[in-house]
Amino acid sequence: MAELEEKELAAADREGDLPIPDILAVLPLKDVVVFPYIILPLSVSREKSINAVDAALAEQRIIMLVAQKDGQNDTPRPDDLYTVGTVAAIMRMLKLPDGRIRLLVQGLSRARIDSVLAEEPYIKAKITRLEEASTPEELPPEHEALLRSVKQNLEKSVSLGKNISPEVMVIAGNLDDPARLADLAASNLDLKLEDAQKILESTDPMERLRIVNESLTKEITVLTMQQEISTQARGEMDKSQREYYLRQQLRAIQQELGEGEEISEELEGYRRIIAEKKVPQEAATEIEKQIKRLERSHPDSAETAIIRTYLDWMTGLPWSQVSEDSKDIDRARRILDEDHYDIERVKERILEFLAVHALKQSLKGPILCFVGPPGVGKTSLGRSIARALDRKFVRLSLGGVRDEAEVRGHRRTYVGAMPGRIIQGIHQAGTSNPVFMLDEIDKIGADYRGDPSAALLEVLDPEQNYSFRDHYLSVPYDLSKVLFIATANVLDPIQPAFLDRMEVIRLSGYTLEEKKAIARRHLIPKQMEENGITEANVEFTDSGIQKVIEAYTREAGLRNLEREIGALCRKVAVSVAKGKQRRYRISGASVEKMLGPVKHFRDELLKRDEVGVATGLAWTSVGGDILFVEALAVRGKGGLRLTGQLGDVMKESAQAAMSYARAHASDLQIPTDFFESRDVHVHVPEGAIPKDGPSAGITIATAMISAFTQRRVRRDVAMTGEITLRGEVLPIGGVKEKVLAARAARITTVVLPRLNRRDVAQISARILHGITFRYVDSMDEVLAIALLPADAPPAAEPPADGKAAAPPPREISVAAPGRRRSPPAPRA
């Protein structure tokens, strides 16, 4: 019965008189377009679609097939369907056990949906059959050429591997109707839904055939490239098989000649190292895996070189090898005293580490951070610590490092990949517990390649660094036994999370006496040895060393001092080399002859007490300094002018000082109309040098109020502190450096915030000798100390030699608990 119905459908279709109703059930299709005259199997599972099929079978077995605009929509509405589709006859139907229906349909004609009559239980629509343009019996030459081109392109696509059945090719070869050929070719091409719908909606056979021909041309281009790729891959595979066969032959020949033992010996050497070094299980497994890969690789291939380099790194690391620490605390103390003068706090911390380590073997290495100006001995201190502990010393300079791979290493997928500099340092040391110095951590950069300081967080965390994973190694490495020491000039650029992992120890600048002692004990013997002279050739006097320090260097550290001493030694070396056998005496008078004109002039006190000039103390990255703040009130309109390259913080301090003076004008005996008729100009000399920081607040306020009240400021008083609008004095940082600057300038009285008293208690008594400290809480106390009474007579000029009278005993109290840390006042 089914065969009879199929024959009737086909016969009726060939005669063109198959009746197509105006109202049909609509079957939405996902991702497929059915063309007329094409037989196609369909799978129906949606409830509405099954209802539409049942309705079509109950009537004339004819249904409207329309493609969905969105194939992901399981409940399409009429608006989700294209309006042009294909009227098809259901030739066969098979119901499956899971409820789905399998259909075999044949397209009959193009049709357009005019209106939707119902959406439930299935979509029912009124349709109009689209008539195609008639085709003449004899095609024009251009149409005939297009027809033949399509047939040739179909044959060419099949020859390039396109999967089209031979029956379809036979039918296409015998078709002379452009419309049917276009539909047949389109149904056998892998077209996008939009392109197939465009062909279906075209009623002009020749236009349709032209679109199909363009699609066939693109398909042939893709097939040609695909065939070329396949041919190339097949050729490479054949080449690899041939190389493998020849390699096996070569291996057999080498074995016969006894030349194939080198690689085996190398692999056996790797395995022996694993056993000797007691490599952890995870690392040993990875090494064995790479050894097996190396066994299977060609000796001359690029991959073999990469694997061999990786194995060299893995087997070259110390893993479980550690050096035995010296636990002799007295010996460590002697070494630290030999190499470094003073810095008792640092020495005590190292001795504490040794003592605890002697009592507890599993002590995790502390992470120390030495912070101080250049040249104070931070790096050399790390070397001394390594010598005191009998450990290897490794130094890693982080200045300018911007790539995270410098710390964590490169991944092995990159050409020229290497481990990070942490693992390289461990490899260089040859032990897993060296003293590892991370130099200049405040100068780490960051860019698009990552942030090295973030990678160092794992390295410097004792709770995490036992399993540090380098990208190149891809296995954890234990860094918990390493004693990490970081150095920095300033703490401000260091990230807070990074700084939190370190124990900060500050190294301040050296006093004149300390520099003289260090020059005697370390610098002079070192330079004499480097320049080939002995004590028989030269003698350094105390006056000569002091002259070099005061007149030719201006630094917190010792680098320039060592250079100048080296220059003196070279002068002597020239004379000795010429045969002048005598002992040269380096005194204060001879230094200037040998080194030339004086390079630096020491900051001196003002010659007399002056109105509107106050002496302040500043902190810089290379030590302390003094600065003079000048204030002047001139006729104007109440403006405030600030000069001297002041930073934003100092400008705000000046504005706060101005507001304080105006608010307390009556208490300071300043006329009420003074500020409305005056402009105030505040200037800090050395205008080419940028200055910033909060610690100049009380100095600026003192200079201003002196100018407003015409009371002179004591020239022997220097001050530092932050001011508030209420007149309170807040604590500051860099106290030791500022005290050193005051001592060098022969200041006799230093005004400090009261909360900074505990900082003074930590400074050596040698530095504090001869300086009186006045601790204040408010601006009123500062003015009472710094300003002279209005009727006070002018002070006498200082002696010609510039030396001040003997100062009174200093005032100092027991350190108070707690201190609020404020940013330093840098003056570059």
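Here are some notes on this structure, which is a predicted model.

1. Start with the overall picture. The protein chain runs to 828 residues, and 47% of them count as buried. Its secondary structure comes to 27 helices and 26 strands. If you look at contacts in the chain with a separation of 6 or more, 75% of them are accounted for by residues 24 or more positions apart.

2. The crossing is a right-handed one. On the α18 side the contact uses Leu512, Lys515, Lys516, Ala519, Arg520 and Ile524, while α19 brings in Asp542, Ile545, Gln546, Ile549 and Glu550. Sorted by type, the residues of this contact are 5 nonpolar, 1 polar and 5 charged.

3. Then there's a second pair, α23 (residues 697–709) with α27 (residues 779–786). Here the axes come within 10 Å and cross at roughly 60 degrees, which makes α23 oblique to α27. The crossing of α23 past α27 is right-handed. Ile698, Ala701, Thr702 and Ile705 of α23 meet Met779, Val782, Leu783 and Ala786 of α27. The make-up of this contact is 7 nonpolar, 1 polar and no charged.

4. How many disulfides does a search of the whole structure find? The answer is 0.

5. Ala386 sits in helix α13 (residues 378–389). With a relative accessible area of 3%, Ala386 is buried, because the cut-off for buried is under 20%. Leaving out residues up to four places away in sequence, Ala386 touches Arg391, Lys392, Phe393 and Val435. Also worth a look is Leu483: 97 residues separate it from Ala386 along the chain, yet the two C-alpha atoms are separated by 9.1 Å.

6. Is Ser202 buried or exposed? Its relative accessibility is 12%, so Ser202 counts as buried, even though its place is in the loop between α6 (193–201) and α7 (205–257). Apart from residues up to four places away in sequence, Ser202 touches Arg110, Glu207 and Arg208.

7. Now for the backbone. Which residues does a cis peptide bond join? Glu120 and Pro121, with omega at about -5 degrees. You'll find Pro121 in the loop between β5 (101–118) and β6 (124–129).

8. Lys278 is not a glycine but has a positive phi of about 55 degrees. It lies in the loop between α8 (261–277) and α9 (281–296), and Lys278 is exposed, with a relative accessible area of 63%. Ser474 also has a positive phi without being a glycine, with a value near 65 degrees. This serine, Ser474, belongs to the loop between β10 (468–469) and β11 (476–477). At 33% relative accessibility, Ser474 counts as partly exposed.

Technical notes
Residues are numbered from 1 along each chain as its sequence is written. This is a predicted model: local features need pLDDT of at least 70, side-chain atom pairs count only at pLDDT 80 or more; totals for chains, interfaces and linings use all residues. Side-chain values use heavy atoms; hydrogens and water are left out. A crossing is left-handed if the near helix is turned anticlockwise from the far one by less than a right angle, and right-handed if clockwise. Helices (H or I, at least four residues) and strands (E, at least two) are DSSP runs, numbered from the N terminus. Contact means heavy atoms within 4.5 Å. Ala, Val, Leu, Ile, Met, Phe, Trp, Tyr, Cys and Pro count as nonpolar, Asp, Glu, Lys and Arg as charged, and the others, Gly among them, as polar. Buried means under 20% relative accessible area, exposed over 50%, partly exposed in between (1.4 Å probe, protein chains only). A disulfide is a pair of cysteine sulfur atoms within 2.5 Å. Axes are lines fitted to C-alpha atoms, for helices over the stretch in contact, and angles run from 0 to 180 degrees between N-to-C directions. Angles under 35 degrees count as roughly parallel, over 145 as roughly antiparallel, 65 to 115 as roughly perpendicular and the rest as oblique.
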